[in-house]
Amino acid sequence: MSPIGSSGRVAQAGRPDGALAGEAAVDGRGPASKSPRVRNGRRAERLAPYVLVAPAVLIIVVLRLWPLGLGVNFSFTGDGERNGATVGFDNYAELIDDPLFRTALRNVGWLVLLLPVAVAIPGLLATFIYLRVPGHQIFRSVYFFPAVLSPVIIGAIFNLLLAFDGPLNAVLGGSGLGPVDWLGDPDVAMFTVVGVHIWATSGMALVVFLAGFSTLDPALLDAARVDGASLARMIWHVIIPGLSRTIQFVVVTTMIGMLTSMFGLLYVMTSGGPEGSTYLPEYYIWVQQGQMSSPALASAASTVLFLVMLVVGLLQVGLLRRAGRED
Amino acid sequence: MKQRTLWSAILVAGLVALAGCGSASDPDSAPGGSKGKLVVWDWKSGDATASSYVKKAKADFAQQHPGVTVEFVAQPFEQYYTLLGAAIQAGKGPDVMLFNGGGQIRDRADSLLPLDEYVRDDKKRLAGWEAFTKDNKTYAAPVTLQGHPIYYNKSLYRKAGLDPEQPATSWDEFVADCRTITKATGARCFAQGNKEGIGIQFFLSGLGSGVLSPKEYDDWIAGRRDWSSPAVERIFALWKEADDEGLNNDGANSTAMFNDAFAVFQSNKAAHVIGLMSDVGHWKDFAEFLDADDVGVMKAPVVTAGATPRLPYDGGIGYAVAKWTKDPEVAADLVRSLTSPDALKSFHADAGAIAADRTVDVSSAGPAVATIVSEIDRGKPALHVALSSKTVDLMGRLSQQLLSGSVTVDSAVEQLAASDRAG
């Protein structure tokens, strides 16, 4: 029996009077009401929900879960000479042994740690725009502009800017600070790429923040101002509590963006280097599948990435739900 | 939340339970074009410079098999092996496909048809077969040759008061010349780009014949690589030394070989670059910026006594036939048409490649090409091409670590030896 059918029965049981009254009315109309047409109608009514839900379920099952199952299944088979043979957890053991994959996972950890920065920057900028710093209208469009550029173009622009003999290092050199090998130093490169990613995507978060600000009661800010609150206190005691839902939304979308759409930037800016220091799992999967001809190993890495994303996703859903309840 | 976690757990458990029930791909599937049609995959046929080559090859093939249509599908090179791998895995690969020589084709050899019986008559005319050979079976016919000559800028030599026609033959002289050039012109010795980890491949192959003894060199190519040999270690130590002593341009690890390092050479900021013979980063590209007569090609300077410098080259790109093609003979004939003398002549002239065909006349292409071609007969396969793609990938990362000082030469060579043994 379906959950829908049983809940229907529960509803009936909950209102015995109503159910009785309904039956009495049917009786009143006579035996003709038990005709096959009515029964067909009832069956159609019972089936309707399934029919209506079916396309969505089919799409998810056929295009998502089934390929996912194939992928997971494939990750337990071998590559090259062992193509098609079941190898158990060999691919996963190889992943754990591979320092490159460990680096990739560690970099995911870095992304999670850098998340507050990625949220705070557009938040602060939006605050300044909201508080009408001089030229705020220009800033609004300037900050949003990178959001319309593709990662490949952004990567190419920053490749030029951040080259060892590029303009940024020329400025640094001119001001007496030594040049920094932005994309060639393994300790710096990951942060450079994340920084560029934040630059490129914070425009969208900024717009979301500005939308959130429009729901903020200006009387509260005025009151704070009258009481002589400093900017920092205003942000801490008025703006952040007032925007908690917006902030949570931006946290979730920024996290998803960081975990899923860094590939283009990495590909153009560092190709996973230097020394493999900017590998992320998706880049690793791509390299193993395409360059190393190891699709089964790539499937195993995909499965691990899927599990990581599942955990992160569930945490985020929990966060959003709690935020909804607070409201 | 709790229910969601439960469902996720059930989903994961279900997937794991399903696991290992068999391969997602069918290793014995038989795709490809239908009878009367051949599908060719490459990354060249879309280029304007290759159009006359493709036209001539098609015409040659149509003469032999008028009823068979040929469809060229040009894929973007960056995605090529990813797409090809996926297509083969899904059982939807093409009949004939282009490969780079070396690791890529050897990794895929089990999907390819050995061509030896079909290309017997071409063996003499074409060079570069070894790069497409695995276990004594030939899997593709070479179209171009690819190698790593050391190019130098004759005008910088002249400005520094050196004789541009007499480049150094030993490493010490070479370094001394470089110092002279840097002092006189400010140009560095090497244009070096190792952002992709490719610089080390060029360095290893370009200079290797000046370091390894002829026997060690041949053993390396034959798969008997002695990683504990002092000469092998010397190459990687040299790689580090060259950077430490300022022979390279600054920031080699963040300079892309394609094409920032070549741009450094072309703009007179470095006197030498280990480049390519075909496609890009070669005589034709350099001659667009420098005078063609100023682009010289020199032999590798001798580092250890007894080494014999040779031009390192292999088959560059070549067409292979898939195992599952309906009519292997027809597909092999297409490969022969794609390597016919007429077609290759166009390829050399238009695309700026050293064609695999030794009979192609190159006299109009400038002195650098003349030097390269004169060295082909005495040339040897390049050292890095003999390594598996996994080892080459690891070497790229280790080479970056060597430059930044986060790994020692000993440890790098050890790791490479382990990767090479694992195959």
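Biologist: How many residues does helix H9 of chain B have, and what is its reach from first C-alpha to last?

Modeller: Bear in mind that this is a predicted model. Helix H9 of chain B runs over residues 230–244, which gives 15 residues. At 1.5 Å a residue a span of 21 Å is expected, and the computed reach is close to that, at 20 Å.

Biologist: Which residue caps the N-terminal end of H9(B)?

Modeller: The cap is made by a side-chain oxygen that lies 3.1 Å from the backbone nitrogen of B:Ala231. The residue that supplies this oxygen is B:Ser229.

Biologist: Which helices are included in what covers the buried residues of H9(B)?

Modeller: The buried residues of H9(B) include B:Ile235, B:Phe236, B:Leu238 and B:Trp239, and B:Ala231 and B:Ala242 are also among them. What covers the buried residues of this helix includes, from chain B, helices H6 (171–185), H7 (199–208), H8 (214–221), H15 (389–404) and H16 (409–422).

Biologist: Which residue with a positive phi follows H9(B)?

Modeller: The phi of this residue is near 75°. The residue that follows the helix is B:Gly246.

Biologist: Which cysteine does the disulfide join to B:Cys178?

Modeller: The structure holds one disulfide over all chains, with an S to S distance of 2.0 Å. The pair links distant parts of the chain, eleven residues apart, from helix H6 of chain B to strand S9 (residues 188–190) of chain B. B:Cys178 counts as buried because its relative accessibility is 2%, under the 20% cut-off. Its partner is likewise buried, with a relative accessible area of 2%, and that partner is B:Cys189.

Terms used
Residues numbered from 1 in each chain as written. Chains lettered and ligands numbered in written order. Predicted model: local features only at pLDDT ≥ 70, side-chain atom pairs only at ≥ 80, totals over all residues. Heavy atoms only, no water. Helix = DSSP H or I, 4+ residues; strand = E, 2+ residues; numbered from the N terminus. Expected span 1.5 Å × (residues − 1). Buried < 20%, exposed > 50% of the residue type's maximum accessible area, 1.4 Å probe, protein only. Contact = heavy atoms within 4.5 Å. Polar contact = N/O pair within 3.5 Å; in protein donor to acceptor, adjacent residues only side chain to side chain. Disulfide = S-S within 2.5 Å.
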